[in-house]
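Me: I've just opened this one and I'd like to get my bearings. Can we go through it step by step?

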Amino acid sequence: MLKRLLLMVFLGALLQPAWAADEPVEGAEDDYVNYIELKPFVSNFVSPGKLRFLKCEITIEVTSPAAHHAVNYHKPEVRHEILMLLSSKEEDQLKTVDAQHVLAQEALEKVQKVLLAEEGEAFVADLFFTSFVLQ
């Protein structure tokens, strides 16, 4: 009898986490934050004299699983728009930290514009340069 009681208590302890997992967690969708790293970008930019290059890495912040899926689905178009933006810049629009903040905001707007046109919602919360090199 004691063995049976201990077995029931043990099984009950194992099954409780499974029961708790079935219950929806309130506000779980509101806490979702994820980051999508894009492959590095290499682009030339407008510069007097010799040919100059920019290499940067960009990470996009999304706040829902739907946003994550939308960015991944439209990633080729997102990369295209960012690459066109980078190659259109002049040297003085890239070399200072303030200019890079402005560029990040412009890139964010480009990404949001693509997603708005394709999905009907902007989805992307923020965009970060995780590396930025001018050569």
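Below is a short chat about the fold and a few side-chain pairs.

Reply: A quick heads-up: this is a predicted model, where local features need pLDDT of at least 70, side-chain atom pairs count only at pLDDT 80 or more, and totals for chains, interfaces and linings use all residues. Residues are numbered from 1 along each chain as its sequence is written, and side-chain values use heavy atoms, with hydrogens and water left out.

Me: What pattern does the protein chain follow along the sequence?

Reply: Helices (H or I, at least four residues) and strands (E, at least two) are DSSP runs, numbered from the N terminus. The protein chain has 4 helices and 4 strands. Reading along the sequence, you get α-β-β-β-α-α-α-β.

Me: How much of the protein chain counts as buried?

Reply: Buried means under 20% relative accessible area, exposed means over 50%, and partly exposed is in between (1.4 Å probe, protein chains only). Of the 135 residues in the protein chain, the buried share is 28%.

Me: Among contacts with a separation of 6 or more, what share comes from residues 24 or more positions apart?

Reply: A contact here means heavy atoms within 4.5 Å. For the protein chain, that share is 70%.

Me: Which residue does Glu91 meet in a salt bridge?

Reply: Side chains of opposite charge can pair when their charged atoms come close. The rule asks for a side-chain nitrogen of Lys or Arg within 4 Å of a carboxyl oxygen of Asp or Glu, and the count comes to 2 salt bridges. Glu91 sits in the loop between helix H3 (75–87) and helix H4 (97–119) and its partner in strand E3 (residues 52–62), so the pair ties together parts 39 residues apart in sequence. At 2.5 Å, N to O, the partner is Arg52.

Me: What is the N to O distance in the salt bridge of Glu106 and Lys89?

Reply: Glu106 lies in helix H4 and Lys89 in the loop between H3 and H4, so this pair ties together parts 17 residues apart in sequence. Glu106 is partly exposed at 24% relative accessibility, while Lys89 is buried at 9%. The N to O distance is 2.6 Å.

Me: Are the rings of Tyr35 and Phe128 stacked, edge-to-face or tilted?

Reply: Rings of Phe, Tyr and Trp (its six-membered ring) pair if their centres lie within 6.5 Å; planes under 30 degrees apart count as stacked, over 60 as edge-to-face and the rest as tilted. The structure holds 2 aromatic pairs. In this one, Tyr35 is in strand E1 (residues 34–37) and Phe128 in strand E4, 93 residues apart. The ring centres are 6.4 Å apart with planes at 50°, so the pair is tilted.

Me: What about the rings of Phe129 and Phe132: stacked, edge-to-face or tilted?

Reply: Phe129 is partly exposed at 21% relative accessibility, whereas Phe132 is buried at 19%. Their ring centres lie 5.0 Å apart and their planes are at 75°, so this pair is edge-to-face.

Me: Which residue lies over the face of Phe41?

Reply: A charge sits over a ring if NZ of Lys or CZ of Arg is within 6 Å of the ring centre and within 35 degrees of the ring normal. Here the distance from the ring centre is 4.2 Å, and the residue is Arg79.
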